[in-house]
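Take a look at the model below.

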Amino acid sequence: MSRRYLRPRAILLSTVMAALLGVVVYAVQHEVGSRSASATAAATAQLPAKEDARRALTAEEEAYAAALWPLHSEVKLAAVRMTFAGIAYKTEDHDPNQLAAKVRPLEGTLDSVAATVRSLAPPPSLRAVHDRYVEALGLYRAASAEMLEGASEQRDELLLTAQDKSFRASEDLLRVSDVLWPGEYRPH
């Protein structure tokens, strides 16, 4: 291989790795630190304007949050596994078949969880939160499909697009978490 080909590839690999590391750092900072002003504003925007974001959930809202919690745990685990599958693909094996073997089951998990989440009936006060959650699941699903396509076609720009979608989905899930489970320890 020529040096000219290796340099852009090394730069692209470094960029992808830095972006993935940024997602992990963001999640850790979010869990360890207090809520940032933007997260608080986003959480408040999801609640009716007349109510404080720190107010206790109603019984109906609490029931919805409790029903969503185990599904949310599955989504977080799938998201982490998808991220690490992408990192392993770019840094270790470069084998699209191995990536597919890791990501395809995650697609099934995401599809199953999305169907269950869509079947939940959120209270009217949490409708926007519910919709945001469903959209985040769609972003994760789209990211997984783009990862697989990018790997099979050896198109790194699709991998970067997938990473961006995954990052946006994780941000949305953090905002939903701030509304439904404020102050609760939620490992990401």
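Start with Tyr133. Leaving aside neighbours within four places in sequence, Tyr133 is in contact with Leu68, Leu71, His72, Val75, Val117, Leu173 and Val176. Keep in mind that this is a predicted model.

Tyr133 also leads us to the core. The largest nonpolar core has 39 residues. Tyr133 is among those with the most contacts inside it, and so are Leu68, Leu99, Leu137, Tyr140 and Leu180. Which elements give two or more residues to this core? They are α3, α4 (96–119), α5 (127–152) and α6.

Now turn to helix pairs. Two packed helices are described by the angle between their axes and the distance between the axes. Take α5 and α6. Their axes come within 8 Å and cross at roughly 160 degrees. Angles over 145 degrees count as roughly antiparallel, so α5 is roughly antiparallel to α6. The crossing of α5 and α6 is left-handed. By class, their contact has 17 nonpolar, four polar and seven charged residues.

Next comes α3, residues 59–93, with α6, residues 156–180. These two helices pack at an angle of about 155 degrees, and their axes are 11 Å apart. α3 and α6 are therefore roughly antiparallel to each other. α3 passes α6 in a left-handed crossing.

Which residues of α3 and α6 meet? From α3 come Tyr64, Ala65, Leu68, His72, Val75, Met82, Thr83, Tyr89 and Lys90. From α6 come Asp156, Leu159, Ser166, Leu173, Ser177 and Leu180. The residues of this contact divide into nine nonpolar, four polar and two charged.

Key. Residues are numbered from 1 along each chain as its sequence is written. This is a predicted model: local features need pLDDT of at least 70, side-chain atom pairs count only at pLDDT 80 or more; totals for chains, interfaces and linings use all residues. Side-chain values use heavy atoms; hydrogens and water are left out. Axes are lines fitted to C-alpha atoms, for helices over the stretch in contact, and angles run from 0 to 180 degrees between N-to-C directions. Helices (H or I, at least four residues) and strands (E, at least two) are DSSP runs, numbered from the N terminus. Angles under 35 degrees count as roughly parallel, over 145 as roughly antiparallel, 65 to 115 as roughly perpendicular and the rest as oblique. A crossing is left-handed if the near helix is turned anticlockwise from the far one by less than a right angle, and right-handed if clockwise. Contact means heavy atoms within 4.5 Å. Ala, Val, Leu, Ile, Met, Phe, Trp, Tyr, Cys and Pro count as nonpolar, Asp, Glu, Lys and Arg as charged, and the others, Gly among them, as polar. A nonpolar core is a set of buried Ala, Val, Leu, Ile, Met, Phe, Trp, Tyr and Cys residues joined through side-chain atoms within 4.5 Å. Buried means under 20% relative accessible area, exposed over 50%, partly exposed in between (1.4 Å probe, protein chains only).
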